[in-house]
Amino acid sequence: MKNGKLWVFTAIIVLVVFVKVLLMPFGDLDEIWVYNVSRGIAQGLVPYRDIQMVFMPLYNFLFAIPLLVVRNLFVYRITSALLLSLVALVLMLVISRESSLWYGFPAALSIIVLFDTATYNFLFLLFALLIYNLGRKDSTRSRNIKLGVLCGLCALTRQTSGVFIIIAQILFLLYEDRFKNVKAPDKSGRLHKVLSFLAGAAAPCLVFLVYLLATGSFAAFWDHCLFALFVFGQGNSGFESSANLPLMVTAVGLMCDLLLIKRNPNKDTFNHILLLTALFTIAIPIMDMHHTIMAEAFSIIPIAKTIRLFFIKYLRKTFSIVLSVIFVAQSVFVTVIGMQGGVFFSDRYNELEFIPLTGVADDFNNLVMRNREYKSIGKNVIVFSSTSALISILSDECSFPYDLFQTGSLGTTDPVEYAKEACNDPTNIILMPNDYRTENFENPDGIYEYIVSHCVPVDSYGHFVYYMPAP
């Protein structure tokens, strides 16, 4: 805390993250989807019972708290910037403790360059970094309980990877005493260590169980977060070229881990390999930049250690400063370029105050106005589109399950059943893009075919078409 450089580097990291997050133009669907879930919780909706989703709720619960005070995307972005800043700062501190601050600072900035929309995956990464840092301490009952609590929070953030990280930490507890760098081996025994860990992991999960029972969402939770995973994996798998760089960095990080543990077997490197494996499962089944960056960020830890170990005499502080300046300039430059043409409105849209807006909001607001015309004559407008959440935000309302109408998010219910229900009610007006089948790879199959064969088009705006159930 007395290190002046640490304060300066911290301020720079926070500033760069806030600039990047707050100046991002409106329209990214990943941000819109997660924001809409949190705003739904802030309005009193209950996950799984009222909000159909395949992911765990901890992230959205946390981000709903500030929205209880002010339901605004700008407030949500401030919370997002705080989370991403914490991830970068913890990464910097972890690397600094194992190498030096001159390694940790540019390493953290290099990850900020790749930061995009904050999601529950970044919260999972933060917990993984804290678990790794805590695991460096000697084994005590207190430490093991804390490890369990963090792993329990991981499970409440992302269920599949959370299970893997729990398994990883059990293996760590069973084998950590075998390494030379253990200063004070835990004499309580392996079973006691694991039981302390499981007690810590059970604590947050038990609180969540009570919540599910109290809100009547227990059965819906299992339907959406367990059984629907099989449907999600089948319909949402894929690989994008944007994952190439993170995968290369992750591979290099793993090779550095193996080199380090062969040269000097220690529990920290062993734990890093276990945690990196768990983080890599985030990229399954969707392998793209957004899902692989977590493993990439975690891989920088052994890469920095390896560089310092073998190349320290060739590197100087000047190089670290130059590299840091490049990363800062790149982040700011990309952010400024990305917001070209964006305009800040103060009060045009209730929830988009201080957000850089392009033409996206205006285009969809025209749909909102047309929807209101139909509602004024007693019609119920149902939107089948990946942009339904965007329309709901501009309409100052929530419309689940349609706001998150994705493969796997609907539990074990066949998505076509919702189309059938919509087409059987003559008071409904159905809004759907004519490119629904290619609009988003997460759009469920069969919806477009059923609606166009059981409804008649009555209106259109752009590539969106309004349908009325056939008489």
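Helices here are DSSP runs of H or I, at least four residues long, numbered from the N terminus. Ile447 is found in one of them, helix 19, residues 447-454. Before going on: this is a predicted model, where local features need pLDDT of at least 70, side-chain atom pairs count only at pLDDT 80 or more, and totals for chains, interfaces and linings use all residues. Residues are numbered from 1 along each chain as its sequence is written, and side-chain values use heavy atoms, with hydrogens and water left out.

Stay with Ile447. Its relative accessibility is 0%, so it counts as buried; the cut-off is under 20% relative accessible area, with over 50% exposed and partly exposed in between, for a 1.4 Å probe and protein chains only. What does Ile447 touch? Leaving out residues up to four places away in sequence, Phe384, Phe405, Pro415, Val416, Ala419, Met432 and Tyr436. Contact means heavy atoms within 4.5 Å.

Next, helix 12, residues 267-280. Of its 14 residues, 12 are buried, so the rest of the structure largely encloses it. Among the buried ones are Phe270, His272 and Leu276. They pack against helix 6 (120-135), helix 7 (141-155), helix 8 (159-175), helix 11 (244-263) and helix 13 (289-311). At the start of helix 12, a side-chain oxygen of Asn266 comes to within 3.1 Å of the backbone nitrogen of Asp268.

Now a helix pair. Helix 15 (residues 359-376) packs on helix 16 (residues 388-395) at about 75°, axes 9 Å apart. That makes the two roughly perpendicular, a label for angles of 65 to 115 degrees. Axes are lines fitted to C-alpha atoms over the stretch in contact, and angles run from 0 to 180 degrees between N-to-C directions. Helix 15 brings residues including Phe364, Val368 and Arg372, and helix 16 brings Leu390, Ile391, Leu394 and Ser395. The contact residues divide into eight nonpolar, three polar and one charged.

Most residues other than glycine have a negative phi, and most peptide bonds are trans. Tyr48 has a positive phi of about 75°. It sits in the loop between helix 2 (29-42) and helix 3 (58-67). Buried or exposed? Tyr48 is buried, at 2% relative accessibility. Asp396 also has a positive phi, about 60°. It lies in the loop between helix 16 and helix 17 and is partly exposed, at 36%. Pro401 is in the loop between helix 16 and helix 17 (416-423). A cis peptide bond joins Phe400 to Pro401, with omega about 10°.

Methods. Angles under 35 degrees count as roughly parallel, over 145 as roughly antiparallel, 65 to 115 as roughly perpendicular and the rest as oblique. Ala, Val, Leu, Ile, Met, Phe, Trp, Tyr, Cys and Pro count as nonpolar, Asp, Glu, Lys and Arg as charged, and the others, Gly among them, as polar. A polar contact is a pair of N or O atoms within 3.5 Å; within protein, one must be able to donate a hydrogen and the other to accept it, and residues adjacent in sequence count only if both atoms are side-chain atoms.
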